[in-house]
Amino acid sequence: MKRSVYLLIVFLVVVFTSSCKDPLQLKPKSKLTTVSVWESASTVKAVLNNIYRGMGHGANQAQMGSMDDDGSSIPDLGTGVVVQSTVTPDNMGNLSSSRSDQFKWGPLYKYIRQVNVFLKKVRNAKIDPTLKKHFIGEAHFLRAYFYQNLMKAYGGVPIITKVYGINDKNMQPPRNSFKETVNFIISEADSAASMLPTVRTGDNIGRASAGAALALKSRVLLFAASKLYRVNPSGKAFTGYTKSQDPTTLWKKARNAAKAVMDLGVYNLYKANPAPGDSVAKNFHDLFHTQQTNESIMERDFTGSNRDQSQNYRPWQYHGPNGFHQWGGTTPTQNLVDAFKMKDGSDFSWNNPQEAAHPYKNRDPRFYATILYDGAPFRKRPSDDIQYDQDGVIQTFKKLTLPDGETVPGLDTRESPIEPWNGTYSGYYNRKLISADQVPHTGFYPGLWFYFRYGEILLNYAEASIHLGDYAAARNAIDKIRHRAGMPKLKSSLTGSKLMSAYRNERRVEMAFEEHRFWDIRRWMIAPKVMNQDAEGIDISANATNRADRSTYYNYNYKVMTYQKRKWRDKMYFYPIPQSEMNKDPKLKQNPGY
Amino acid sequence: MDKVKQLGNTLIIAGSLLFFLLINGIACAQQNTVNGTVRDDSTGNPLPGVNIKVKGTTTGTTTNGSGHYSFNVPSLRDTLIFSYIGYKTKIVPVNGRTTVNVSLKSETIAGQQMVVVGYGTQSSESLTGSVSSVSGSDLDKASTVNTSESLGGKIPGLVMVNYSGEPGHSAPVLRIRGQHTLTNNKPLVVINGIPNPPGGLNSLNPNDIKSISVLKDATAAIYGVRGANGVILVTTKQGKKGPSKVGVTFNQGFQQPTRLPKMADAATYLTMLNELSRYQGNPPVYSKKEIQKYADPNSNPWLYPNTNWFKEGLKSFSMQTKGNVTVSGGSKTFQYRFSLGALRNGGIYVNSATHYNRYNIRSALSAEPSDNLHLQFDISGRWENRNYSSQNGANIFRYMVQSYPNYPGFWPNGKPGPAIELGNNPVVMGSSATGSRHNDSYYFNSRLHLNYDIPHIKGLSVKGTGSFDKNFLIDKRFTTPWTLYSFNKTAYIANGKKNPSQYLTGVKRGPATPTLNQQSTNGDKILLNAIGQYKRDLGNNSFNVLFGSEYQYSQSDYFSAFRRNFLTAAIPEMFAGGKAGQTIDGNGSHGAHMSFFSRINYNYKNKYIVQLIGRYEGSYIFPKGKRYGFFPGISVGWRLANEKFVPAFFDELKLTGSYGETGNDQIAPYQYLNTYSFGAGYVNNDKKVPTLVPGVSANPNVTWEVAKQTDVGIHTKIFNRKLSFELHYWNEIRNNILAFRSGSVPSLTGLKLPRENIGKVRSWGYDGSISWDKHFTKDINYSISLNGGYSTNKIKYIAEPKSIPQWQRQTGKKMGAGLFYIATGVFHNKQEISNHPHEQGARPGDLIFKDVNGDGKITAKDRVRINRNNYPTWTGGLTLRAQYKNLHFKVFFQGNAGASKYVRTASGTFGNYYQQYAARRWTPEHPNANGPRAYNRQQAYWIAQENTYFFRKTNFLRLKNAKIGYTLPKKIVSKLDMDSVQFYINGYNLITWTSYKLGDPETANPNLQGFQNTIQNRGGSYPQMRLYNIGFSLKF
């Protein structure tokens, strides 16, 4: 008996003292340690894949387009402070929301660090040299892309290429000048272009290419030549040029960069020459719902798996009309609608009684591909709503008078019996991003977001050409765009500022809700004009003999009204650097006006 | 008896195989027989199970159920030793008699209550630190489902807030002396010596709990790197010597919510929508006549519903049933206790899919195969079965608050009405129409404990424990489309308001096809320890020295799968789903602790007591070379009552003081490594490609938090120990708190900062108790006890930039104190707006924000850090007990004060308003009202920006339990061949007094948009329940 107890004690002592391994030396089960990551091509590639996510996408609920003259946000989501210019470094509204991470200081620098780490580590990774070259090229492209977004939002920013350690002493760099920032982006894009294939094929589709790097260069040089940075109202080096620049040199660079992409000869407009029977509107709409067309220079594809939700790519749910149980999201303004010309190329005017009586007739085909308006044929209503609309037609009229004198509101309005808080204020919904084929409520479906498409390059080329006085080249590029859209050519008499305003309108309607207008009105310095106009919408009334049957509607009456106050202050040319960052880095200089 | 012994030996042998032990039986000599009866000295009742031993031998026996004993002694000149727990040991020479009747004096009067302190027990007299305990019999076993909840108000300084009453997911948060750190404040729970066993405290069967003690100060240093937040030690019951006893309890409860939010009715709500419309310059949406119809109860319910969603969505009561059976008994050498508990708790929703079932079994075996050896072998198992609809409880209650009062829950023909959005009609969400969620948790705990007194060396003993625990959780959530009905008003009216049912259209809501989420977790935990103890009592000096070592390892695996596109809702199994869009996920984790510890107690003349504690402990969480830390504690006590200069009036007067350093390692592991984890993926060539996401930058210096705890206390007992009083003051400095340096590291570095050991928090407070125990005669008995505590804290250091204005700094404020604008009132008119600094676009009816920095503008700089959070600073409980003959009464009050919560709803066109809000609101017609006007979602600046108007105090006092019991008289009971029979009724959460009028003060708010769907977080804002219970307990 006693002996066994002693045995037990000995046993316990042995158990506790004899383990030769440290019992506390455990390896993480759910994470890779840094060392093992750089040992194989597949893990190195996965690290790089993650950096692509930093490019984000612009299909968010509050798109950039909800903060310029093209649109507004239904649930506001902090866009109000932007369009009323009351943004402060403490309260940036939607500019600081996670919905627009791709333009935010912190998230962009987080991804820039990932590039910096990647470039530092990948050099010693034992992987195939060609693959390594491509990886390095992609990393340079991504770094250029992130700085491009910083440049658009903030101007010149600190250029960080080193990898900070948590105990580093000097972590408070000052801002680089606008010029240095642009030069850095260009050199990064050049490195990328020199290391990457022109286009990517097979399983590399969707990754950066030389074409994408050149397109990025075209965009950045177009910005760099633009008025905002040349005029540089504040005179600070981080908001533009401090010495006067020769505009011709800048525009030549911009034009050459666009030309370089065109000269690659691998891109064209999607359905550049519509076949006789084509619906040009459908062609144009399909462009945004067909993955990897010949127009695509770089796009982000979504597979429709629910995991893609992590970056909230849900255009249908976000932007679809409330009368289909969707959330409205970013809705077009009357200001944008009026920018669409008549199909014959003439201006639309409310003063033309014919046009004012039928404002949605005979418009630029892109109007029908971009905007959902009252009377637009769309898709079958959900079963509970068919009682009000058997035709699946958008109803944004405020008042429909029925034969018995009763008046009812449209299904897709804020007075709708269906989820009215998601109803549009303007009387319009976004069509460009949403496809009528989608099943409501699932949220996930395959789709894409363009980072660069060939259409933009043609427009970039045209803009630079106008500035260089090469009007014919400019018109030629614009006409390609117009031809695809089924619009007549520009008159050859259009030159100078008239051509410029035609170009600007073309760019606006062609690239609405593609995250361009917000920046364009700044770099052109037309924001003081367009953003001091209140957001306009449409107030429609009509009569009908049968509410559910659209063909019985008559006696339409359209009235333009304003629904959102807007105010421009010049500080809004740039984002403020968040106050929390200013607090932490005393060497940072705040953007003017904040 | 022999059979029992045999069984015991068999079990012990089986159990001891683990330790390669063999145990021999014990031979008995056959000589002279002595018999007699042992009785209680004061009551005269026979005492069963009393130990009787022949002095100097191993011979002995125990008394039977009627207190009688009979056994053979070597000689009639021997001396017998009678010992019994809770009674003074009596030594009686036989002196040639063959019948020796003895009465034993109860020892409880002497206050020798033994308190579990970790790796052993101490008498309450000799305690030098702040340790409180509550015995299992004081827990409200009849009504509470969650054992943690039953601790609220029972232990001075223990803070309990119950955020949810959802069956199976009531969410009591326990904090010992409040909050101490910016990271994890969870105390360590040790059950039968096993730290953090799977299953924890919440779902232990309270009937199995013998005692719970709480280490509140440096005494927790015995748990080293895990002791800083205090330790809750739970000891379960063991078998008792004596004949087999069976106990049965049964409770049937009827429950209903304590307090529900009151929402505006349809007419008020529509009036407010008209106001909103008016504020936007638009005409009213609803005519006065129409609104009037919504207010009229005689209106056509098809056209003018006026819905109280809580009434529509909830039943008048739900059932809770509990039953328990225990069998215990044993011989001198072998004791057993088996218990079986079962519980069913129903949900309060109409057509509720919610119910929680719990089955606990526990077997506790103990044996003394020889005088020197004591063994315990416990096995317990538990099955928790949770059932819900597919929808999250927090969300259901959120929609009860939000849903339009002018929408019907059900149409008059019983079909569910439409929802605000996404099919979220709360009367349907809680039912199985939306699918089902089944969550089963299985726990298995086993433990073998041995205590061996080394022969020949008096006072030296060794102990060892080995335990193996296992848990397995499986969760299946099957979401199916459900149907809601919308009504075509126009057509109904147009056709002369006949046959309303035919104008209903059923619409499918929820996912397009059923979806199934299935997850499982599989974990185990092993513990081994060995302890040596030397305990001597040498006249004036007595000491107790303990050394030990302990190793604990745990691991867990997780697996989950998801499919959609089920052809039918009939088969909620994975195979029946479609492969498109399916996902699979899995993960694993493990952890280990290794430690060496010691405790030395020294007592001089029972006056001066010193205790030294040290634990040297390593945790896998930290890097090699920095894993181990030393955690010391010292405490001293001076029993003044034993000093001559103190009047004899004091039965007890003790001063105690303690100081110690304990650790907290409840942080994410491996922060010393640079790691990559798998991300959400990216898409190339229309295929998902993997992504690796960098983790935080490595912090090679990461270490545990250190709590420096000081405690001083006074304990007195006077009036023959009838009045006792205890009070402690404590102070803690928590250093090395892991906090982000993000307040000072610019984001442009791109660093994903690790937490670093830079934070510092001071916490302090008082806690104590006072109790009065009086017993008039045999028939009348009463006691009162009150306990309470105050705890607060202050951040001493947190990384924040210097440029932050003083009034916004976290430093110097309580943890969790938020930034708010100070709402000083309502702009009654335009004049007032122009008189005050105001936000752009302010209009009458808006809240006035205080211009704190006096710059004439309202900016983010005017926000002030308000020194309140959602933890109470004052907590306490009051228990009154009385007994008159066979009747027992008990009343228990519990209260919390000092906590606040932020209350904001998604009101306006998107949802309803609180009735209180509606009643107080400013309108152009009531320009002097002091509540803000009707608002729409977040459109008003004072809704979008957090301000003090919506920050409400949640102080409360509850009549937590009131019980009346009747014990059948002995005469009747003995006729029934029983030991005791008791019937009782009680009410739980009967009355709540609070200034908080927007629902239950403890229940978490319905979150505005938040939607957490993990099973752990799903309880949400399900209110606490008031329960009426009837029950009985039988012993035979």
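**Chains A and B: a chat about the interface**

Me: How many salt bridges are counted between chain A and chain B?
Reply: The count between the two chains is one salt bridge, meaning a side-chain nitrogen of Lys or Arg within 4 Å of a carboxyl oxygen of Asp or Glu. This is a predicted model, where local features need pLDDT of at least 70 and side-chain atom pairs count only at pLDDT 80 or more, while totals for chains, interfaces and linings use all residues. Side-chain values use heavy atoms, without hydrogens and water, residues are numbered from 1 along each chain as its sequence is written, and chains are lettered from A and ligands numbered from 1 in the order in which they are written.

Me: Which residues make that salt bridge?
Reply: Lys687(B) pairs up with Asp203(A), and their closest N and O atoms are 2.9 Å apart.

Me: And how many residue pairs are in polar contact across the interface?
Reply: The rule gives 17 residue pairs, both at pLDDT 80 or more. A polar contact is a pair of N or O atoms within 3.5 Å; within protein, one must be able to donate a hydrogen and the other to accept it, and residues adjacent in sequence count only if both atoms are side-chain atoms.

Me: Which element gives the most to the chain A side?
Reply: That's α1(A), with 10 residues. Helices (H or I, at least four residues) and strands (E, at least two) are DSSP runs, numbered from the N terminus.

Me: OK, what's the area buried between chain A and chain B?
Reply: About 8200 Å², with carbon and sulfur atoms giving 59% of that. Buried area here is the accessible area (1.4 Å probe) that two parts lose on being put together, summed over both. As for contacts, 93 residues of chain A touch 108 residues of chain B, contact being heavy atoms within 4.5 Å.

Me: Which strand of chain B pairs with β1(A)?
Reply: β32 (residues 675–678) of chain B, in the antiparallel sense over two bridges. Two strands pair if DSSP finds at least two bridges between them. Thr33(A) sits opposite Thr675(B) in β32(B).

Me: What about Lys45(A), which helix is it in?
Reply: Helix α3 of chain A. Lys45(A) is partly exposed, at a relative accessible area of 26%. Beyond its neighbours within four places in sequence, Lys45(A) is in contact with Phe135(A), Asn204(A) and Arg207(A). Leu131(A) is 86 residues from Lys45(A) in sequence and 9.4 Å away in space, C-alpha to C-alpha.

Me: Over to chain B. How many bridges pair β38 with β39?
Reply: 16, with β38 (residues 755–775) and β39 (residues 780–797) antiparallel. A hairpin of four residues links β38(B) to β39(B), and Trp764(B) has Thr792(B) as its bridge partner in β39(B).

Me: Last one: what's the strand order in chain A's open sheet of four strands?
Reply: β7-β6-β10-β11, with mixed pairing. The edge strands are β7 (407–408) and β11 (553–564) of chain A, each pairing on one side only.

How values were computed:
Buried < 20%, exposed > 50% of the residue type's maximum accessible area, 1.4 Å probe, protein only.
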